[in-house]
Amino acid sequence: MEQVAIADQHDEHHEPTSFITRYIWSQDHKVIAVQYGLTAIAVGLIALVLSGMMRLQLAYPESFTFINPIAYYQFVTMHGMIMVIYLLTALLLGGFGNYLIPLMIGARDMVFPYLNMLSYWFYLVSVLVLVSSFFAPGGPTGAGWTLYPPQAILPGTAGFDWGILLMLISLAIFIVAFTMGGLNYVTTILQARTQGMTLMRMPLTVWGIFVATILGLLAFPALFVSALMMLLDHVVGTSFFMPALLSQGQLTDHEGGSPILFQHLFWFFGHPEVYIVALPAFGIVSDLISTHARKNIFGYRMMVWAILAIGVLSFIVWAHHMYVSGMHPWFGFFFAVTTLIIAVPTAIKVYNWVLTLWRGNIHLTVPMLFAIGFIFTFINGGLTGLWLGNVVVDVPLSDTYFVVGHFHMVMGLSPVLVIFGAIYHWYPKITGRMFNDTLGKLHFWLTFVGAYSIFLPMHYLGMLGIPRRYFANLTTDFIPESAQDMNIGITAAAIFVGLVQILFLINMVWSLRHGKPAGGNPWGATTLEWQTPQTPPAHGNWGPTLPVVHRWAYDYSVPGTAEDFTPQNVPVSPGHDTEDEEART
Amino acid sequence: MAIAIALIVLVLVTVLFHIFSPWWLTPIASNWGMIDGTIDLTVWVTGFVFVAVNLFLAYAIIRYRHKQGAKAHYEPENKKLEIWLTAITTIGIMALLAPGLFVWAKFVAMPEDAMEFEVVGQQWEWSYRFPGEDGVFGAVAARFYSGANPFGLDPDDPAGQDDRLVASNEVTLPVNVPLKVLNRSKDVLHNFAVPQFRVKMDMVPGMVTSYWITPTRTGTFDVLCMELCGIGHYLMRGRVVVAPEADFNQWLGEQPTFAQTQEQTTASAAAGEQHYVTCAACHGAQGEGNPQMNSPKIAGLDQSYIERQLHHFRSGVRGASPEDTFGQQMAGMSNVLPDDDAIASVATYIASLPDVPAIAADTENEGNISRGKKLYQNCAVCHGDNGQGIWTMHAPRLAGMSSWYLSTQLEHFRSGIRGTHKTDQYGQQMVAMANILNDSKAIGDVIAYIDTLDQGQEDSSDTATGRGN
């Protein structure tokens with residue numbers, strides 16, 4: 001039976017009329033997406049500057065008075081937390097999720113637009129609370145982004161009083177924001193797909209965002225309760241995570257709590273979090289590769305199942321972050337097995353990206369360059385994951401620079417390359433104008449090569465045994481002078497790559513006015529967002545009638561067609577469609 | 001095209017970097033060579049995949065880059081290929097996992113005859129305990145911790161009386177003896193790591209964690225803390241000396257038992273007063289100090305700090321540098337004290353002196369107090385928010401002490417005159433901390449702030465307990 005949702009009835013669009021309702025208190029998913037995106041990028045730039053200061057200290061220890069141990073550990077903590085939560089999670093789900101879900105599935109908006117608006121404003125508040133900790137007495141927390149108790153709430157750690165309080169409150173608000181947004185994304189994908197858009201016809205971008213959101217909805221509560229419990233330990237004096245212990249030599253009132261319990265809760269959230277960031281990136285990069293190679297994604301069904309398998313498995317691998325935490329070593333067997341199993345669907349995704357390029361018609365556009373850069377860094381970072389997932393290999397490398405190199409390669413640089421590729425890819429749709437191609441290519445080359453030279457050497461410093469989270473290495477009997485030279489090189493590369501991002505910002509702003517008009521579908525893409533009647537899409541996205549979907553998202557270069565792409569809303573003409581319809585229903 | 005070449009070059013650079021990198025695993029010093037073996041295997045398997053997949057990627061880009069009139073092949077799926085790739089990957093994963101789990105089974109299987117010893121972590125130092133003749137550790141609990149009982153042993157537990165206590169960051173271990181390492185923490189998470197041993201485990205307050213190793217090579221190895229434990233994390237260092245078993249046994253025999261550490265000393269303030277006559281000539285009858293004689297105020301310092309410094313002066317740990325004229329004088333004066341008892345006595349006496357204001361030097365300090373306050377946060381974690389000193393952190397009082405002297409000492413720490421001796425573990429930490437004050441004004445700023453902390457130190461419970469035990 002046909003069912004027409006209220007949002008699909010075009011005479012009830014409630015088009016906003018004033019500047020404030022259109023751009024500030026907006027309920028339009030596209031505006032909210034841009035709000036999320038700009039806020040995330042702004043706070044991400046703060047985190048980028050923090051990393052630059054950390055690198056200055058590591059290259060030139062004892063040179064900058066304002067980078068003292070307290071400040072350094074605050075930079076470390078805020079850099080990590082901002083990048084993982086407030087930039088990557090917010091940008092991929094709040095930004096791309098918001099923009100792309102309704103457009104890609106043929107909906108007029110999210111199903112709960114008001115909740116969607118609230119989600120953004122809660123996110124903004126969480127960011128403001130987080131940033132306010134820089135101005136709190138004692139400054140922001142310096143407990144490391146993992147916030148492990150007991151040290152997070154004891155003197156001896158920077159910001160143990162106000163900083164950690166604001167961090168926990170900010171996280172709690174962020175999770176509220178995420179939950180409002182996340183429920184929206186899931187419901188919209190399940191309920192608001194246009195006619196003909198079966199689940200197995202959805203672009204992989206939507207699949208990635210969909211599964212990542214479900215992971216978030218299941219994983220963030222673990223962080224939420226651990227934040228609440230630590231708040232209680234800190235403010236009320238409960239002992240969820242606090243055993244009988246000394247603080248600065250004095251016996252505290254705590255008794256009976258378990259620091260390891262926090263780690264289990266944190267990583268029960270923290271590992272799915274890796275995939276909350278990775279899965280949208282996987283989905284997006286699949287679509288970038290397919291579109292710019294003018295070829296269908298290879299093994300679509302396998303790609304969907306791989307996303308689902310990774311999503312499920314990501315909930316039973318968390319303790320591979322805890323091999324040396326002091327938990328019972330027997331856990332090592334279980335978590336090493338589950339962790340290495342997850343490598344199989346992940347490897348399949350990599351193969352399928354490469355096989356999509358194989359026999360393609362590869363246009364080396366800026367989004368494609370970033371996608372290829374991603375494949376390269378992701379292969380590197382994924383393979384070192386096999387090192388650290390294998391428990392015995394992890395034991396010597398845990399808490400060294402090898403880990404820093406690994407996770408920056410796999411969940412720092414890799415998703416960031418996808419995000420850049422995605423911004424370049426959808427910029428013409430969002431703004432109606434093309435970006436400057438030369439600047440875009442320059443940005444890619446300098447970022448890709450520069451960032452690889454930051455993170456590759458870190459693995460080797462880690463093999464040597466140089467610990468992470470050290471303000472200074474000082475003198476030891478096993479760290480040679482040359483390691484310090486390498487640190488200077490890494491810092492030079494890091495600061496260079498940081499500065500290169502100015503090219504990106506200039507390009508984005510300059511092209512808003514001076515970019516060539518893009519037209520509706522500059523890349524010749526098949527997915528629905530490129531088939532909107534207006535570009536940028538107007539309120540309600542589709543004009544009077546919703547698109548009807550007749551085919552999967554990857555009909556590129558179909559034999560017998562004149563064009564090398566067939567949009568999803570083009571009806572099937574008998575005899576000219578090789579899509580295996582049976583397999584997809 | 002450029003991107004394909006770039007990928008090939010990056011693969012080549014990565015491989016060459018790997019081959020020529022001077023940074024790799026340190027020479028192993030334990031029985032865990034199997035871990036290195038697993039790493040070698042992993043290098044080969046993952047290295048092969050890295051090179052193969054990326055070169056194939058580059059090849060695909062070169063071969064199928066856009067050419068005029070080209071059209072992509074249309075092939076949604078290829079079940080046979082997908083099954084093959086899945087199978088090969090699964091085999092590769094098993095090839096890595098199986099040896100990994102095999103070695104882990106060895107790691108989990110603690111040898112029955114392993115010799116036990118305990119590593120104790122606290123912010124930011126290590127200490128060690130051996131079970132003594134009976135082979136049984138005495139019970140410990142947080143509530144027993146005190147200055148006289150830093151290991152927190154239950155004084156009534158007979159098993160603990162013969163425990164050998166090593167209140168130093170350096171420990172000696174026997175070579176070729178399987179060791180069960182018990183990890184304990186007094187405050188926050190720590191991790192006792194010797195890179196050459198390969199294995200490590202967090203120490204968690206409230207529980208005891210363990211693993212086993214057999215040191216296979218004699219020598220001295222650095223210990224680093226590998227779990228973030230606060231701002232002094234990077235200063236939490238120690239040393240392991242691996243020695244032949246006979247040497248180890250001799251060393252262990254020299255370590256005091258718990259019972260010995262609890263014996264009353266014969267030190268007394270009365271005896272100390274006799275010795276103090278010599279000190280008074282420079283430091284003043286009330287210990288108030290004398291800037292003209294370059295003698296700092298010493299009244300108000302806690303006993304353990306005075307005692308430690310006197311030992312350092314006497315053994316050449318401090319005051320040996322020719323650039324430290326007054327330190328050399330003090331080293332000479334410390335020889336007046338005939339033995340450890342005399343040092344303990346005089347320290348007890350000085351600690352019992354009533355607090356008097358320090359005699360100010362003539363020079364004005366024009367440091368920036370608000371900048372100094374910000375920098376002082378780094379000092380406060382050990383010396384206390386009010387500069388009251390925290391004896392359990394081995395950090396002396398700063399507030400109300402001779403600020404000209406503090407300034408000189410910070411300069412000395414910075415320039416390597418004080419704190420560089422390898423047995424001066426707190427001095428070494430202080431060198432690192434003083435080095436963060438790295439512009440000409442920073443020391444003056446911090447001292448200016450410390451000068452404002454003149455009051456309130458008596459309010460703090462930290463100074464009241466445990467001092468002058």
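# Exercises on a predicted model

A:Pro536 is found in the segment after helix 15 (481–514) of chain A. Helices (H or I, at least four residues) and strands (E, at least two) are DSSP runs, numbered from the N terminus. The model is a predicted one, in which local features need pLDDT of at least 70 and side-chain atom pairs count only at pLDDT 80 or more, while totals for chains, interfaces and linings use all residues. Residues are numbered from 1 along each chain as its sequence is written, and chains are lettered from A and ligands numbered from 1 in the order in which they are written.

## Exercise 1. Backbone features of chain A

Solution. 
- Step 1. A:Arg469 is not a glycine, yet has a positive phi of about 60 degrees.
- Step 2. For context, most residues other than glycine have a negative phi, and most peptide bonds are trans.

## Exercise 2. The overall form of each chain

Task: State how many helices and strands chain A has and how many chain B has, then consider the radius of gyration of chain B.

Solution. 
- Step 1. Chain A contains 15 helices and 2 strands. Its radius of gyration is 24 Å, close to the 25 Å that the globule rule gives for 585 residues, so chain A is as compact as a globular protein of that length. The radius is taken over C-alpha atoms, and the rule is 2.2 Å times the number of residues to the power 0.38.
- Step 2. The C-alpha trace of chain A spans about 80 × 50 × 50 Å along its principal axes.
- Step 3. Chain B comes to 14 helices and 10 strands. Its radius of gyration is 29 Å, whereas a compact globule of 469 residues would have one near 23 Å.
- Step 4. Along the principal axes, the C-alpha atoms of chain B fill a box of roughly 100 × 60 × 40 Å.

## Exercise 3. Two helix pairs within chain A

Task: Classify the packing of helix 3 with helix 5 of chain A and that of helix 7 with helix 13 of chain A.

Solution. 
- Step 1. Helix 3 (residues 69–105) and helix 5 (residues 162–191) of chain A pack at about 25 degrees, with axes 10 Å apart. These helices are therefore roughly parallel to each other.
- Step 2. Axes are lines fitted to C-alpha atoms, for helices over the stretch in contact, and angles run from 0 to 180 degrees between N-to-C directions. Angles under 35 degrees count as roughly parallel, over 145 as roughly antiparallel, 65 to 115 as roughly perpendicular and the rest as oblique.
- Step 3. The axes of helix 7 (residues 259–292) and helix 13 (residues 401–431) of chain A come within 9 Å and cross at roughly 40 degrees. That makes helix 7 of chain A oblique to helix 13 of chain A.

## Exercise 4. Where chain A meets chain B

Task: Describe the contact between the chains, and how helix 11 of chain A lies against helix 2 of chain B.

Solution. 
- Step 1. In total, 93 residues of chain B are in contact with 104 residues of chain A (C-beta atoms, placed from the backbone, within 7 Å).
- Step 2. By class, the side of chain B that touches chain A has 55 nonpolar, 24 polar and 14 charged residues. Ala, Val, Leu, Ile, Met, Phe, Trp, Tyr, Cys and Pro count as nonpolar, Asp, Glu, Lys and Arg as charged, and the others, Gly among them, as polar.
- Step 3. The axes of helix 11 (residues 366–389) of chain A and helix 2 (residues 33–64) of chain B come within 10 Å and cross at roughly 170 degrees. Helix 11 of chain A is thus made roughly antiparallel to helix 2 of chain B.
- Step 4. Residues making this contact include A:Ile372, A:Phe376 and A:Trp387 of helix 11 of chain A, and B:Thr42, B:Phe50 and B:Ile61 of helix 2 of chain B. The residues of the contact divide into 12 nonpolar, 4 polar and no charged.

Conventions. Contact = placed C-beta atoms within 7 Å.
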